[in-house]
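Colleague: I am new to reading protein models, and I would like to go through one with you step by step. Could you show me what to look for?

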Amino acid sequence: MDWDTDTDDSDMSLGSVEEAEVEEMDRLGICSELRSDSETSHKRLDVSQKRLELLLHSSPCGLIVTDALEPDQPIIYVNTVFEFITGYKAEEILGRNCRFLQHRGPLAQRRHPLVDTATVGRIRRCLLEGVEFRGEILNFRKDGTPLMNKLCMTPIHAEDGTITHVIGIQSFTEAKIDLGPLPWKESLLWSKDQPLKEANSYKSSPVGPGQSSKDVCGLLQLSDEVLTLKILSLVSPRDVAALGLVCRRLNELTKNDSLWKSVCQNSWGIEATKALESVSGAGNLAWGRLARELTTLEAAAWRKLTVGGAVEPSRCNFSACAVGNRLVLFGGEGVNMQPMNDTFVLDLSVKHPAWQHVNVKSPPPGRWGHTLSCLNGSWLVVFGGCGRDGLLNDVFIVDLDEKQPTWREVGAGAGAPIPRSWHSSCTLDGTKLVVSGGCADSGVLLSDTFLLDLTMEKPMWREIEVTWSPPSRLGHTLCVYQGWKVLMFGGLAKSGPLRLRSSDVFTIDLSEEQPKWKYVTGSTLPGGAAPAGTPPPPRLDHVAFSIPGGRILIFGGSTAGQHSPAQVYVLDPKEENSTWRVLNVPGQQPKFAWGHSTCVVGGTRAVVLGGHTGDEWILNELHELSITHKRTDHAFLEKGLSRYLVESCYAYEEVLGGRTIFYVSEPSASPSRSLFRLQGSYSIEFHITVPRVRLTISGSFVFPISSSLLLPAGRRTPMMELLLPSYLGDA
């Protein structure tokens, strides 16, 4: 992290925090978890300039906490004193690095020249070495007023010694520097007393008496329609969020969900947004929230699912993919290495998903070690693998939405790839199949790349001619991002006479007239440069998928000394210097995760089809890695806690030590995972922890119960049945 601030020696330390601040941190759980939901709004107090001067002269302590495990160490907690003194609101602060205080005002693009760069270097060194920093630095209020910040930064270490957070304590005083007024101060920042309506009426002609148009920000002279359609919709989600913090008018414009949908389409591509709509329903998406969650990855979480049905006979080395909300499994290796050619479907959109065998005519020859891909919304494409008579290079497609699905062979001809297995494939534009690498006869590893356009009347293979290819390999992955760009990761690669697991990354842009493979990160292979950041251990047969926005997520597979670790790694290949980082994901992780048995649903969910014990695969236990919230996750946040309890939860009783205790749980929760406990007849004591939204709430409130809480034995009773009608009317 670069806090880019300047300080000198000071006697200020973490122990000098005022007692009230410590109590506030204890109340919010900062001391124990050092977490604060970035959604939490802070109560604003309308203080006068006189009160502000009093605060300045009394040297109050501002307090912030940053997440040291995230890139650029964003602020995750800020107290009200910090808000009062700096003039920035919490929503303008959370998620940013603290260096913005060195900029004179919110529109400044760089550090003010009076900020001492030597001190900036000292702070960086302290942060890198994990030691406390104390000193003074020049900062600026939002209105440009200079402040002297007597700063103490204290790193917080986990049990293993890792720095997880940094606490910053600031004692602000006035700086005796006359810098003059900011040129844009009057035209862009409204006072607290100015009503929102007046701010929003600032349209095409903001020029007032005695003010020339050259003194006003030209951007705000545009109409709302032009700002929305011609400017805001064309920038990235992160930039739109930043623009929403500039002034009230832009803040109001960025609350429009139709604008966020346009931003997502322009940033992620129409195909990505269509995929999101196809699995969620167009009316169910909150695009603003979706953009934030896919940008910050704050909602990523694991969860375990149990489904019905059966895939029989049992098998391994099958291949699976997603068709909308349906998971499709084809083929695999049965008992005594028997190649399979049957098809099973699991529909995740129904209330009780169950595996079902699909009767498909003219199935391909049985195989394992093949790839299964989805094209054109409902087409399944099978390529290659190992069959009864050896390796295969045939292509079969079927439309799963046909009344009677029928497999048919395509792409045969002299230009087809040589037979292979354990290769990798991906799709472009939902119409083209790309195949790379794999293992040929006699165990020879391959490094070629082929493309098959299935929109042609007679699809023909075309080899991608390149001057240089990555080392030959099998068990690697291909991911598509930003249209026709393809990223290759990992696999068992050839290194001289050896075959080693790798963690190197290569990219190629197939839209170019002469595509070229490019080396993106360092390599763990002999002679390779050290990868940047925290790279995944070398692996093969892993899971890799791209999310809207172009970042790549990696987990699972086979690594040296262990199998299929569920730790998630993130890489953004669009960055000039791509760096690996670890994504800490809460929830119940799978013990095993393999690429050929994992389906990516809508670009935001990866569903792992069970694991295996010995030769037996467990296909009724699924683990889902979700990057965004489900609608049910927001229920009590959007409705309010009491309404959520009333409308969605159930009550039941349990006798412990001769004492009857009443619990309240979510519809899908077991009694052991209850969210609420009923004490007596009226008071409800609750403690809710929701990993998917990283939210913890504790407290108590009173509900008027309409009965003596004699709940039917063995049955959960809807809370709606227990409350007085008068309360339901108020709720």
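**Reading the model feature by feature**

Modeller: Over residues 227-263 the chain is 68% helix and 0% strand, with the end C-alpha atoms 13 Å apart; helices (H or I, at least four residues) and strands (E, at least two) are DSSP runs, numbered from the N terminus. According to the unreviewed UniProt entry, the annotation "domain: F-box" covers residues 227-263, and such annotations, whose positions are given in the numbering used here and whose names are shortened, may be inferred rather than shown by experiment. This is a predicted model, in which local features need pLDDT of at least 70 and side-chain atom pairs count only at pLDDT 80 or more, while totals for chains, interfaces and linings use all residues. Residues are numbered from 1 along each chain as its sequence is written, and side-chain values use heavy atoms, with hydrogens and water left out.

Colleague: How many helices and strands does the protein chain have, and what share of its residues is buried?

Modeller: The secondary structure comes to 17 helices and 40 strands. Buried means under 20% relative accessible area, exposed over 50%, and partly exposed in between (1.4 Å probe, protein chains only); by that rule, buried residues make up 50% of the 731 residues in the protein chain.

Colleague: Which residues of helix 14 are buried?

Modeller: As a general idea, an α-helix has 3.6 residues a turn, so residues three or four places apart point the same way. Helix 14, which spans residues 287-296, is mostly covered, since 7 of its 10 residues are buried, namely Trp287, Gly288, Leu290, Ala291, Glu293, Leu294 and Thr295. After helix 14 comes Leu297, whose phi is positive, near 60°.

Colleague: How many salt bridges does the structure hold?

Modeller: A salt bridge is a side-chain nitrogen of Lys or Arg within 4 Å of a carboxyl oxygen of Asp or Glu, and the structure holds 19 of them. One of these joins Arg292 to Glu298, at 2.6 Å from N to O, and Arg292 is partly exposed, with a relative accessible area of 27%. Another pairs Asp143 with Arg141, whose closest N and O atoms are 3.5 Å apart; Arg141 counts as buried, at 11% relative accessibility.

Colleague: Where in the chain do Asp394 and Arg367 lie?

Modeller: Their side chains meet in a salt bridge (2.7 Å, N to O). This pair links distant parts of the chain, 27 residues apart, with Asp394 in strand 14 (residues 390-399) and Arg367 in the loop between strand 11 (354-358) and strand 12 (371-375). Both Asp394 and Arg367 are buried.
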